[in-house]
Amino acid sequence: MSNFMNKIEHIGIAVKSLDLSIPLFEKLLGSKCYKIEIIKDQHVKTAFFKIGDSKIELLESINNQGPIENFITKNGEGIHHIAFQVSDVDEALKQTKELGFRLIDNTSRIGADGLRIGFLNPRSTNSVLIELCSNEK
Ligand code: ZN
């Protein structure tokens, strides 16, 4: 079996309010949020923190549609996804599919914080939403 996941790039956490959660995580992690970014086509506003070699991504819905709004309605706030760093997202999506996992994204797209991303279908990964990502080239 090929081993192409490099590290946990970030953990995504769904929150109702970035205004409330940013100071909370700044206090907890002892580091300042280094980037806030709106991703319109995913209906989210994101805030990033560095934690060692990884990151925490807070996600707030910017309207009453989209995946984060749905997630919070269903589950409440909490861990939304785990993102693994790979060297090539499209290649990794292809390999993952060949291994029998189901995909949400058949090809990569542009995500927050300068990343190229693609999601696996949580139905084939014990209900854990997994994102594959690489620095955009
Ligand atoms: Zn993410």
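These questions and answers concern the aromatic rings of a predicted model.

Reader: How many aromatic pairs does a search of the whole structure find?

Author: The search finds 2 aromatic pairs.

Reader: What makes Phe25 and Phe49 a pair, and why is the pair called tilted?

Author: Their ring centres are 6.2 Å apart, and rings pair if their centres lie within 6.5 Å. The planes stand at 40°; under 30 degrees would count as stacked and over 60 as edge-to-face, so the pair is tilted.

Reader: Which parts of the chain does this pair tie together?

Author: Phe25 lies in helix 1 (residues 18-29) and Phe49 in strand 3 (residues 44-51), so the pair ties together parts that are 24 residues apart in sequence.

Reader: How do you know whether Phe25 and Phe49 are buried or exposed?

Author: Buried means under 20% relative accessible area. Phe25 has 15% and Phe49 has 0%, so both are buried.

Reader: Why is the pair of Tyr34 and Phe48 called tilted?

Author: The angle between the planes is 45°. Stacked needs under 30 degrees and edge-to-face over 60, so this pair is tilted. The centres are 6.2 Å apart.

Reader: Where do Tyr34 and Phe48 lie?

Author: Tyr34 is in the loop between helix 1 and strand 2 (35-39), and Phe48 is in strand 3, so the pair ties together parts that are 14 residues apart in sequence.

Reader: Which residue lies over the face of Tyr34?

Author: Lys50 does, at 3.9 Å from the ring centre; the cut-off for that distance is within 6 Å.

How values were computed
Residues numbered from 1 in each chain as written. Predicted model: local features only at pLDDT ≥ 70, side-chain atom pairs only at ≥ 80, totals over all residues. Heavy atoms only, no water. Phe/Tyr/Trp six-rings, centres within 6.5 Å; stacked < 30°, edge-to-face > 60°. Helix = DSSP H or I, 4+ residues; strand = E, 2+ residues; numbered from the N terminus. Buried < 20%, exposed > 50% of the residue type's maximum accessible area, 1.4 Å probe, protein only. Lys NZ or Arg CZ within 6 Å of the ring centre and 35° of its normal.
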